[in-house]
Amino acid sequence: MMWTKLSVETTTEAVDILSAFLDEEGVEGIMIEDHVPLTEEEKNAMFVDIPLIEGEDDGTAIVSCFIDDSFNIDILKSNIIAELTRLQEFIPVGTMNITLSNTEDKDWINNWKQFFKPFRLEDNIVIKPTWEDLDDVKDGDMIVEIDPGIAFGTGSHETTKLCIGQLKKYLKNGDTVFDVGSGSGILSIISSMLGAGFVHGMDIDEVAVRASLENAEVNKINKDKLVFTCGNLLDSSNGDIAKALEINKNNKYDIVVANILADVIIPLSGVVRPLLKEDGIFITSGIINMKEEEVKKALLDNGFDIIDIVHMNDWVSIVAK
């Protein structure tokens, strides 16, 4: 099917009203491009270690949508112009220019799958997309099937590779593991396959939790050995720290692994100790090298001893006890 992308040049003041109007016209989903600076709350929620590029807010915006052949494009364009003309008496609406472009339906949500192929981690861990066949299998290989959906985590990023290497190094048979920020569940699943007695994965995103549960089922991991929940340890009001202990039968964990980002690990190091046994291991990754010293300081300030640091390209994994 061919889809038409319709884009309207307007203003940030008109965006909300125009969006509501398009919804009334039957348009499902819109995309807004503007230069409105992000709030501190929005930046914190994004958990990024990449500098955000923000232009000066000039009041302009582009509202776009994709429509199929069930729409009469000429009528829709005419209705949009009429609505913006009406609004023009009250607020600035911009140029009102409308542009159209065609694109073929290539299943946008799943199109990325053509680039996710089986690959080998370490010496015997193979990550296999659920929709791919696997030819290169060796004796003793651990095959991990993953479909991240729209959750974060295919295992190919340096930060995940660092974590997996540290889990292989420090995880003992029967250990209990708490995977904070579990994403698609890949570290939780590998921990279970490496011999963990019980694994609890937690993520703030319900979509990630659903993907993790599906991936655990695909890998035939017993539900009493691997549990996923939605939560946020950094929100002291929700009791998720107590819940994490309760899920582990009110016991502390041998290992807490957090493959997130430095700006999350830093405050996390101040709340994670009650979850760890006295000799427990805290494996951290997702740390860009320019934040390494900040993370080390936070760990030391919160009573941890740093026992291992590993680098891979621009990324760092720090292990503390």
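Where does asparagine 313 lie? A few notes on this predicted model follow, starting with that residue.

1. Asparagine 313 lies in the loop between β13 (306-312) and β14 (315-320). Its phi is positive, about 55 degrees, although the residue is not a glycine. With a relative accessible area of 61%, asparagine 313 is over the 50% cut-off and therefore counts as exposed.

2. Asparagine 250 is worth a look alongside it. Its phi is near 60 degrees, again a positive value in a residue other than glycine. This asparagine sits in the loop between α7 (240-247) and β11, and its relative accessible area of 61% makes it exposed.

3. For the overall picture, the protein has nine helices and 14 strands. Its chain counts 321 residues, and 43% of them are buried. If you take the contacts between residues at least 6 apart in sequence, 67% join residues at least 24 apart.

4. The largest nonpolar core holds 28 residues, and the members that touch the most others are Ile125, Ile127, Val144 and Ile283. Two or more residues come from each of the strands β6 (125-129), β7 (142-146), β10 (226-230), β11 (253-259) and β12 (276-288), and likewise from the helices α4 (158-170), α5 (186-193) and α6 (206-218). Another core, of 26 residues, lies apart from this one; Val180, Ala262, Val264 and Ala320 are among its members. As background, nonpolar side chains in soluble globular proteins tend to be buried together.

5. Setting aside neighbours within four places in sequence, it is in contact with Ile189, Ile221, Leu226 and Phe228. Glutamate 145 is 71 residues away along the chain, yet the C-alpha atoms of alanine 216 and glutamate 145 are separated by 8.8 Å.

6. Threonine 130 is placed in the loop between β6 and β7. Is it buried or exposed, or something in between? At 28% relative accessibility, threonine 130 falls between the 20% and 50% cut-offs, so it counts as partly exposed. Beyond the residues up to four places away in sequence, threonine 130 touches Glu145, Ile146, Asp147 and Val218.

7. On helix packing, have a look at α1 (residues 12-24) and α3 (residues 73-87). Their axes are 11 Å apart and meet at an angle of about 145 degrees, and α1 passes α3 in a right-handed crossing. On the α1 side the contact is made by Ile17, Leu18, Phe21 and Leu22, and on the α3 side by Asn79, Ile80, Glu83, Leu84 and Leu87. By type, the contact residues divide into seven nonpolar, one polar and one charged.

8. Finally, the cysteines. How many disulfides does a search of the whole structure find? The search finds zero. Cysteine 65 has a relative accessible area of 2%, so it is buried. Cysteine 163 also counts as buried, because its relative accessibility is 0%.

Key. Residues are numbered from 1 along each chain as its sequence is written. This is a predicted model: local features need pLDDT of at least 70, side-chain atom pairs count only at pLDDT 80 or more; totals for chains, interfaces and linings use all residues. Side-chain values use heavy atoms; hydrogens and water are left out. Axes are lines fitted to C-alpha atoms, for helices over the stretch in contact, and angles run from 0 to 180 degrees between N-to-C directions. Helices (H or I, at least four residues) and strands (E, at least two) are DSSP runs, numbered from the N terminus. A crossing is left-handed if the near helix is turned anticlockwise from the far one by less than a right angle, and right-handed if clockwise. Contact means heavy atoms within 4.5 Å. Ala, Val, Leu, Ile, Met, Phe, Trp, Tyr, Cys and Pro count as nonpolar, Asp, Glu, Lys and Arg as charged, and the others, Gly among them, as polar. A nonpolar core is a set of buried Ala, Val, Leu, Ile, Met, Phe, Trp, Tyr and Cys residues joined through side-chain atoms within 4.5 Å. Buried means under 20% relative accessible area, exposed over 50%, partly exposed in between (1.4 Å probe, protein chains only). A disulfide is a pair of cysteine sulfur atoms within 2.5 Å.
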